[in-house]
Amino acid sequence: MNANLASKGMKVPFVFIVKAVLLALLIAGYLYFSKQIGEIQWLPQVLRGLYSFLVPSLILSVARFLILVVYRTKNAKGEVRGNFVLGVNRLTAVLNTTFAVIALMISVGIDPRDFIVSMTFVAMAIAVLFRDYITNMISGLIIMFSEQLSVGDRVRLGDHRGRVIDITFANIVLQDDEDDIVMVPNNTVFISTFMNLSAHRSSLFSVKFELPLEAALHVEELESLLKNSLDAHPNLAENKGGVQLKVIDLGKDYVRYKIDLYAISNSNSMHRELENEILKEIIKFERQVLFKSSAL
């Protein structure tokens, strides 16, 4: 995973090349056309603002590149945490936005230091009004750069449980067992019960599905079918007691089941592949049963 990921993620982005070219043209323009530039009243100020954005932005891009290279090299034999890379990218975006705002002020002739001083009281009022969002943003950065959880982990946050699919400055985005997307505020990690169910990964995984009542009447056939196809599966360990369908919910016109299985690895991707394979078998069985029922 690691060598491929590192080589895949270390490509020089197009935006970086554009910034470097613009900076080179800007420097060349000052060296060879400084007199002509000075004759246009507004142009030097605009170019100064552009220069004040390009230089720190390029330095930031190089720093980001080096940080990710060092991080991926250090974790070459381990697991690269997606949220660390995500955190570096998000922080880079925030700093680039800050540089762009400062450059815009310089371009229109506003001294950023005077602006910050004059906006101090307004900033304090904004901080009070948007306190929850600011604390969520800080919490999001802490989560991104900590080892508490990572994108792809299964977690329980307060009353919510699911797989982490994204971490933003405001929320942790979860995909629950019903495939619903749940957005949990970042502060929840620090103010309520938090469990990382993937911290100690297990080879045990569950497959949940439901059958209409017509198909559920033939559940013994399905159990036998799955037993025959899974007993000798190369990616499944020996499951004690064999394949057993457990009823977890009974509705008006459906029955919901669960199968607990042990894989030969704790890899999430392997678990997903096995789950997809089993669900395809179940769908095929359901179609056959419903077709026979409709033919009678």
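Which residues of α10 are buried? The points below take up this helix, then a sheet, then the protein as a whole.

1. In this predicted model, the buried residues of α10 are Val 219, Leu 222, Leu 226 and Leu 230. Viewed down the helix axis, these buried residues fall within an arc of 55°, so they line one face of α10. Glu 220 and Asn 228, by contrast, are exposed on the other side of the helix.

2. Three strands, in the order β6-β8-β7, make up an open sheet in which the pairing is antiparallel. Its edge strands are β6 (204-212) and β7 (246-250), each of which pairs on one side only. From one strand to the next, the twist averages 25°.

3. Within this sheet, β6 and strand β8 (residues 254-262) run antiparallel and are joined by 9 bridges. Across from Arg 256 in β8 stands Glu 210.

4. Taken as a whole, the protein holds 11 helices and 8 strands, and buried residues make up 32% of its 296 residues. Of the contacts with a separation of 6 or more, 65% are accounted for by residues 24 or more positions apart. The protein exposes about 18800 Å², of which carbon and sulfur atoms supply 62%.

Key
Residues numbered from 1 in each chain as written. Predicted model: local features only at pLDDT ≥ 70, side-chain atom pairs only at ≥ 80, totals over all residues. Heavy atoms only, no water. Buried < 20%, exposed > 50% of the residue type's maximum accessible area, 1.4 Å probe, protein only. Helix = DSSP H or I, 4+ residues; strand = E, 2+ residues; numbered from the N terminus. Arc of directions from axis to C-beta. Pairing = 2+ DSSP bridges. Axes fitted to C-alpha atoms, helices over the stretch in contact; angles between N-to-C directions. Contact = heavy atoms within 4.5 Å. Areas by Shrake-Rupley, 256 points an atom, 1.4 Å probe, with all protein chains shown as cover.
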